[in-house]
Amino acid sequence: MGKTIDIDLVRHIGRLSRIELTDEQAETFSAQLADILEFFDKLQELDTENIEPQASAVSLQNVLADDVPADSLTTDQALDNAPARDGDFFKVPKVIGDSQ
Amino acid sequence: MEDILNLSALQLRDAVASGQTSAAEATVAYLAAIEKTEPRISAFNEVLAERAIGQAKKVDADVQAGRQPGPLAGVPVAIKDNMCTSYGLTTCSSKILANFQAPYTATAVARLEAAGAVILGKTNLDEFAMGSSTENSGFKPTRNPWDTDLVPGGSSGGSAAAVSARQCAAALGSDTGGSIRQPAAFCGVVGLKPTYGRVSRYGLVAYGSSLDQIGPITRDVADCALLMSVIAGHDPKDSTSVPNEAADYLASIDTPVEKLRIGMPKEFYSDALDSEISAAVGAAAEAYKSLGAEIVELSLPHSRIDRGSGGRLSSYAVACYYIVAMAEASSNLARYDGVHYGHRTPAKADNIVDLYSRTRAEGFGEEVKRRIMLGTYTLSAGYYDAYYNKALKVRRLIAEDFGKAFARCHVLLSPVSPTPAFRLGEKTADPLTMYLADIYTISANLAGLPGLSLPAGLAATGLPVGMQLIGPVFSEELLFRAARMYEKASGVTRLTPKIVNN
Amino acid sequence: MTETNDIVKPVIGLEIHVELATATKMFCRCRNRFGDRPNTNVCIVCIGMPGALPVMNKKAVEYAIKVGLAMNCGVAGFTKWDRKSYYYPDLPKNYQISQYDLPLSAAGHLEVPLPDGSIKKVRILRAHLEEDAGKNIHTAAAHTGVDLNRAGVPLLEIVSEPDLNSTDEVLAYARATQRLVRWLGASEANMQMGHMRFEPNINLHIIRKGRCYKTPICEVKNLNSFRALERTVQYEIDRQYAEWLAEPEGYSLDKLGKQNRGYDDSAGKTVFQREKEEAHDYRYFPEPDLVPVVVSDQWRESIRATIGELPLARRARYMKDYKLSFEDADALTQDAATGDLLDTAVKAGADAKRCTNLLLGRGAAIANEQGCTIARIGVTAEQLAELAKMLQAGQVNATAADRVFQKMVQTNQSPGSIAESEGLLAVTDTRRIEAWVDQVISANPQAVEDVRSGGKKQDKALGFLTGRVMQLSGGAAQPKEVQRLLRKKLGT
Ligand SMILES: [Mg+2]
Ligand SMILES: [Zn+2]
């Protein structure tokens, strides 16, 4: 598997993770990540052909709430922690359009 | 003052409720204890002295007015700083949340306060609970009260150290892979990782959402049961919170378990295990035998510990755990981007991607970055099946091992960690060796099982050694009773590090 | 613009995002309401604050199932939630809670009426629930503002198979879907409020000299009006054909794969979006903060039972049972309530055709002025039925009925009493009509003569005299009675 994590791959993962990396960091990470991924590869020893994946430790289902409004935060409560604010809005550098 | 600090939470509650002592008096005593030892331990990120005294006075007023003061009346507790409180800061010991003021309070903390507990402050942790020594705190390392050159364990190192050093009567920690049980063992206190879904996660800042649980860290087993009775229960704000009502774990605690059958997973007793810990756990097994318990050797094949190439330890469970936890973490920590709250890079970023990437580069520590990147990688196109999905399948195998085991015994007895507390800096160079500190605890998280860590005595070095009892889901009551049997018989309880008295 | 002998077949699939008409958001109990002050309908959950947890809105699930069933989909007995990861400031958690491998409904179809009156069966691939993102406000020159009131609003993503082969078909399908979700009450589907957004996937299959060329599939995101959808699809069809003509071998699906394009409204064209190419790696994985939803047969059927008659079925029934024209039946089945009004009136014994004329005559005109559906103008089924009956019985004539209907909009008095007080009731009293008839006979000797002398002028003259009498009575005389008396007195 991912035993070789070259610098380009580390940088690609850094971009996907939105984490800027210095050259030294990219270097150390490429060694460390390779090391850890090799450790992960131990799972390949196991035959899991007919095993169902288990994502959760609870067996609950249909936890649903009634469609009844409850209190929201005030605009100030919502924006108090914002590093940059423009009136009633969170403020960010220019972006295009909406994501949805 | 001294004697107040030596009261258990339960005794203090009774003393306050009966008016023998006041909540304010107790709170002041603990604040003084913090004053005295905190410079050497650094357990707290924030001490809420004024608010605590205010709370204590309310409790005293209730008692004087003859109002029912609640099961934790006047008990000063500390809260791991990854649980939201509408007062003070909630930082997760991360620079990225250094100034975050939560507009709400976690359910578990709110339940403590409703029971009359006094919140002393927020304790240090490995950044976002990612670590096993509290050295990954973005602010400062916490030190072990038994020897300040040693780590207190982690990630709930601040809470465990504070309880051990008598800086609080009890504390809350959180446990994703052993983060309550391992520091409890390192600091010689009691810690419970409850059944997944038993305690609400609402307000607990997520690390590995399918593994995280909040639990108590206390000086003895009864206190642990007392706090658990208060924080356990259904919470409609947490979709993974189980609806069935929680028991009063204290009521039955002194009732020994008849014909207790204790399983010992043979895989756990390899050369990877420190001989003194092995001996201590063995002695505990003998003690249980003399109490009429039966010991059965059994197997948890997928929690096996191997010595791989170059003598390095390896384990399916550890690999499985870190894949799952890191994948969930990479998604849970995506929200820290400098837009809605938390740190934003002061460097000018003219586009949103740079703003995100610099903010996160500045705000996160190395270990958090490693885990986010690994999680991102294992979920990314082309690797999902080889890593994440494979881990989910192994997770089922691990859970099934426990199912088979509990067909043959009531509880499992095991070590908590392969070694006692280690020196600061000893394992920071190599992340993998640090991951292996969780080798005995992570399986319970993967299977959603309750695990109780309690002191099994002191090693020749004078350091506390812990043992772990793991039970089936919702067997907390059984775990408390079994733990209490040992505690009574052995007299190993309320261990006190020297630092408390000098 | 097609070259001679090229057969150009557009192949279009449409993703439609529909905001559901719940009172609260999908995972928190903030209000789902358009147009409020920015960042007022927000909480720790929809801002994605640390420690917040989602709790599923039951109503959103039920609306989604209802639409799925109405689109003839199979509803999954077991469905779960997944996280879709991408970074954008209107997505506070930087992941969207959606459904990846187990959508709520799948494998259905919608029968779409085309302009030529024919029906096109469009297959539905899947319809899944997800949360909407907030809105980025671009009014400021130097930066963007983020409003999270919309973040977490329940969104149903309906994905069609690539069964649409023309701009008309795409529009017809989009409108049919809008009509359906409104009909079901699952969404207001108001375009101005962004309740519906379109994402067409377009490419061309071009047959030249027996060989089929496929152009790259282009996906255009976030179209929020029918006009934008129409212009986009037409533009893409023309553009792709032109680009293919330029290099028939190079501009191909196998070589270029799928492309993302954005719609530039001012320019009325689409533009290639390179940045969207980067990291299409959404890293889906199961949402650990939510538990699965299991839809029992009984729950599913109880929802199916609330669907009732769908637009096309009702339109067909009106044409068959009420003998209405296609146009009238179609006009009365734009929304459920208007048809319900008609059906109730007919059940009360009124004549369907007369009711229809009232509803689509004055009723439609008023609805138009008020900018609402006919059902909403304020006329009750009881009023409608009684007025239709009065027309039938000749108690009012068409002109009077029209004025009565106008009045019914303001008051809930019965049309009878309205006609009464407004003096619009037809006069049936023979003596009063006889008086008017005598007056007209004496005032129009020539016409009288034409009637008496019989011959071809007779009918025309009789009609003329009838008209005069009606005029004299101010429209109140009952025409049948007028004619009877004229004939009697003029001996024909
Ligand atoms: Mg979508
Ligand atoms: Zn909300």
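User: What does buried mean for a residue?
Analyst: Buried means under 20% relative accessible area, while exposed means over 50% and partly exposed lies in between, with a 1.4 Å probe and protein chains only. This is a predicted model, in which local features need pLDDT of at least 70 and side-chain atom pairs count only at pLDDT 80 or more, whereas totals for chains, interfaces and linings use all residues. Residues are numbered from 1 along each chain as its sequence is written, chains are lettered from A and ligands numbered from 1 in written order, and side-chain values use heavy atoms, leaving out hydrogens and water.

User: OK, is Asp343(C) buried or exposed?
Analyst: Asp343(C) has a relative accessible area of 7%, so it is buried.

User: And which residue does it form a salt bridge with?
Analyst: Its partner is Arg317(C), with the closest N and O atoms 2.8 Å apart; a salt bridge is a side-chain nitrogen of Lys or Arg within 4 Å of a carboxyl oxygen of Asp or Glu. The two residues are 26 apart, Arg317(C) being in helix H6 and Asp343(C) in helix H8 of chain C, where helices (H or I, at least four residues) and strands (E, at least two) are DSSP runs numbered from the N terminus. Arg317(C) is partly exposed, at 24% relative accessibility.

User: How many residues make the contact between chains A and C?
Analyst: Chain A gives 34 residues and chain C gives 61, where contact means heavy atoms within 4.5 Å.

User: How many salt bridges cross that interface?
Analyst: The rule finds 2. Lys135(C) pairs with Asp98(A), their closest N and O atoms being 2.5 Å apart, and Arg37(C) meets Asp88(A) at 2.7 Å, N to O. In this second pair, Arg37(C) sits in the loop between strands S1 and S2 of chain C, and Asp88(A) in the loop between strands S2 and S3 of chain A. Arg37(C) counts as partly exposed, at 47% relative accessibility.
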